[in-house]
Amino acid sequence: MNEVLIHEKAERIRDVIRYIKKFKNAVVVVYLDDRLLDSPNFSSHIRDLCLIHEAGLKVILVPGAAKRINEILSEAGIKWTFHDNCRITPPEAMPLIKMAAFDVSNQIMTSFAGEKVTSVIGNWVRARSKGVIDGFDYGISGEIDKLQIDSIKTILDNGFIPIFPCIGWSAAGKPYNISSVQLSQQIAIHLKADKLFYMVSDANISADSFTIPESIGTSAEGTVPAMNLEEVDLFLNVNNSSVNSMNSTEHRPNLTEHLVVNKENNVENNVSRETIFTLLKLAKTACNEGVDRVHIINGSIDGSVTCEIFSDLGSGTMIYTNNYGKIRSMVREDISEVLNLMQPFVNQGILLQRTKEQLDNQYQNYIVYELDGAIRACSALIPYSDGQMEIAAVAVDKTCSNIGIGPKLIKYLIKRAKESKASGLFLLTTQTSDWFENLGFIPSSVSTLPAERKAKWSPERGSKVLRFKV
């Protein structure tokens, strides 16, 4: 097998092992769009959730039931409407809604059993009536009042997967129809979950459907792999959605119900955008209230959930606080990983070969970009006796080459050079001059280099000199 292919395959395996170690015993709450139950990928999604469970993660599943509720109510001839994303029905609809919700949960439990994984359907949700708001009676629609957290933890500790129907009960045992997306968010918040997944059919945050601000990195396919909370605000503002005015904690039930209903009226794209915006706001609230990460993933893609958990960039969009990617100073323990990162660029003739001994002597001049514990980029700022400084050894893992890490490293080093009052800032390159010129560097002459750097310049290699005004 080709050496490059072996290297790439090994890196993927290392990523999986690293993430399994990182998320051992992590609590993962998954909202599953019920339209996926009829998808050809449904069995694969169930199998993947079982694999995640067997890898030591604690999985909680919250299925939507909008599609099944629609079917059962239609068969019974019961009409319904929506108000502020809530399904409004007469009281006699409640037994049918409850039946639909448990039908979906039972279908999922049966699928788990087929994979030899035990799941449990329970009534761990205390609910209350939404009541009358601004003169409007919400009928049998309810809101979450309390979750039986201790019972949920016991089930997880015993190795079972809890399944939550979209039904809550009052203290007197009266059932209410509640929001599955809101429920999944509240479970994640109360359990301080490590991850909350919104697995929605056709969910996709990409340049094809949205305006992506320049400061938000995208993958090679144009999708947004991750946003911090500030970037979420920027994204929403730039896209100027009417959803921005909605409070992130109010009235978010049954988003996919709204999507399915409007899809029949051929306005799927607009509703899909609104659904994404609302999920982003829910994600931001969850992160602000203690959930480490929230993921919006496309359930129409086979393997999307495992890819999202066990790789750096995943398959969907991750919303996070501040513990995902960071620039830091290099330490000796990073040397082997940095050399491994550089090697593909050495093979292409972009970087000069460096040894462990060289890095051991110079690591104080290096910075690295760490992504979930793995080094995905590096660079160095080398000082010279005449006060000039050189940016060198810029390398970004190709899997992360489109998400803006490179420019962040360069801007960081430019700032450091200015703070050090460098008399000049330059770099040498053979194949990436256009990239650096886009960042503000301009061509210069070899004659302007510090004497000790000029002595190392090779006519055979013919590196170009570029400068940045500091």
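Helix α4 covers residues 94–114, which is 21 residues. From its first C-alpha to its last it reaches 30 Å, close to the 30 Å expected at 1.5 Å a residue; the expected span is 1.5 Å times one less than the number of residues. Helices here are DSSP runs of H or I with at least four residues, strands are runs of E with at least two, and both are numbered from the N terminus.

This is a predicted model, where local features need pLDDT of at least 70, side-chain atom pairs count only at pLDDT 80 or more, and totals for chains, interfaces and linings use all residues. Residues are numbered from 1 along each chain as its sequence is written, and side-chain values use heavy atoms, without hydrogens and water.

Back to the helix. Which residues of α4 are buried? They are M94, I97, A100, A101, V104, S105, I108 and F112, buried meaning under 20% relative accessible area with a 1.4 Å probe on protein chains only, and exposed over 50%. They sit on the same side of α4, because they cover an arc of only 140 degrees around the axis, taken from the directions from the helix axis to the C-beta atoms. On the other side of α4, P95, T110 and G114 are exposed. After α4 comes K116, with a positive phi near 65 degrees.
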